[in-house]
Amino acid sequence: MNSAIKAKHQRLILVLVALAALIGAALMATWALRSQASFFYLPADMAADPPEPDRAVRLGGMVESGSIKRAADGVTIQFVVSDNKARIPVNFSGIAPDLFQENSGVVAEGKLRADGTFVADNLLAKHDEKYVPREMKDMTAAQARQTVAETR
Amino acid sequence: MHGFANPARFLRLARQLTLPMLVAGVLLCAASLVWGLFGAPAERLQGDSVRILFVHVPAAWLGMGGWSAIAVASLTELVWRHPLAGIAARAIAVPGAFFSALCLITGSLWGRPAWGTWWVWDGRLTSMLVLLFLYLSYIALSDAANRDGNGQSRIPAIFGLVGAVNIPVIHYSVLWWNSLHQPPSITAGKSEMAPEFLWGLLAGTTGFSLVFGAVVLIRMRTILADQQAEARLRRRAMEAADA
């Protein structure tokens, strides 16, 4: 009996040591991957260290309020992507996703030109983690809070 | 815990629990899905496409929860050699793989209207796809380990523990790395989701989990019954050889 308990403890210690080593290795790997695993550059990253002009990269951030301008041809748009630290103007011709709008997240795929303009050949919309019913979007913050409190 | 080392005791409890869990789970799922399809309001930006949330989130939860349970069962198998632990892990693997696949499929269908793409290789989507592959490997490995030998193989248990490192990676992928997928809406004690979505989602997640639990119990009973039948056949063959 005594030796059985000992064997059990031995296995427990062995497994725990193996798990600690494994978690350490995984943390080191994810830490090493932090720049490669990112899906896009933030405007501040891109301004600080611009990619080569012919390299396809992704730029992600918020579409600045009031910055969307539509060209006369109807398919070309210009807007500014910002992360509150840097702003990068973007040109895009094509169909933007439904959720592409001002003050909302966007990921633009394309190239950064030498003059600092980003030319996108595809746009992806990135929405935030807030889920708000449609009827509530036009309310003031106080009204919305009251509605939420009532439905609770 | 070791009270259940005797399968008869476990089987008695499992037999009593299966049906109530299944019925309660199906009712909760139905209520949540009906609410999601007809009751819940359209979302401010996403409109009606938000309704897929009521399948996507429970599926993601069970895909990750399933592997967490496999990891706990694997630890129990390796350290305490509990006879039911390996059986539980094997029973979880198939429904876990199913819900991971369901999460990826519903996510893809949702991504097209919400993001403008079916698939991107960002941290969250990639790590979730890795989870599905881990499940498929685990199923193949545990099947192979059980075909030869008496179902006491350590290899699937080690794989189950090692694969668990992917679970925190999935969870933190949207926080550590820039990703197209948004950060979690529901964190400990806090929700960025309006109550109309939140409560339906909690009911659905509970319901899906109960169905998952019932399926795992049914699969465990099947595996135990298979083992008993196998043992009986082997005994008969021995007796026939002796006679």
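This is a predicted model: local features need pLDDT of at least 70, side-chain atom pairs count only at pLDDT 80 or more; totals for chains, interfaces and linings use all residues.
Two residues are in contact if their C-beta atoms, placed from the backbone, lie within 7 Å.

Residues are numbered from 1 along each chain as its sequence is written, while chains are lettered from A and ligands numbered from 1 in the order in which they are written.

Now chain B. Helices here are DSSP runs of H or I, at least four residues, and strands are runs of E, at least two, numbered from the N terminus.

Take helix α3 (residues 85-115) of chain B and helix α7 (residues 195-242) of chain B. Which residues of α3(B) meet α7(B)? They are B:Ile87, B:Ala88, B:Arg90, B:Ala91, B:Ile92 and B:Pro95. On the α7(B) side we have B:Phe212, B:Val215, B:Val216, B:Arg219, B:Met220, B:Ile223 and B:Leu224. By class, that contact has eleven nonpolar, no polar and two charged residues. Ala, Val, Leu, Ile, Met, Phe, Trp, Tyr, Cys and Pro count as nonpolar; Asp, Glu, Lys and Arg as charged; the others, Gly among them, as polar.

The axes of α3(B) and α7(B) are 8 Å apart, at an angle of about 130°. Axes are lines fitted to C-alpha atoms, for helices over the stretch in contact, and angles run from 0 to 180 degrees between N-to-C directions. The two helices are therefore oblique to each other. Under 35 degrees counts as roughly parallel, over 145 as roughly antiparallel, 65 to 115 as roughly perpendicular, and the rest as oblique.

Next, helix α2 (residues 53-80) of chain B. Its axis comes within 7 Å of that of α3(B), and they cross at roughly 155°. That makes α2(B) roughly antiparallel to α3(B). Their contact has 18 nonpolar, ten polar and one charged residues.

On to α4(B). Its 25 residues, 123-147, should span 36 Å at 1.5 Å a residue, and the end C-alpha atoms are 36 Å apart, which agrees. The expected span is 1.5 Å times one less than the number of residues. The buried residues of α4(B) pack against α2, α3, α5 (155-163) and α6 (166-176) of chain B. Buried means 20 or more other C-beta atoms within 10 Å of a residue's own, again placed from the backbone. Among them are B:Leu131, B:Leu134 and B:Tyr138.

Last, the two chains together. 38 residues of chain A contact 38 residues of chain B. α1(A) gives the most to chain A's side, with nine residues.

Key:
A residue is buried if 20 or more other C-beta atoms lie within 10 Å of its own, exposed if 12 or fewer, and partly exposed in between; C-beta atoms are placed from the backbone.
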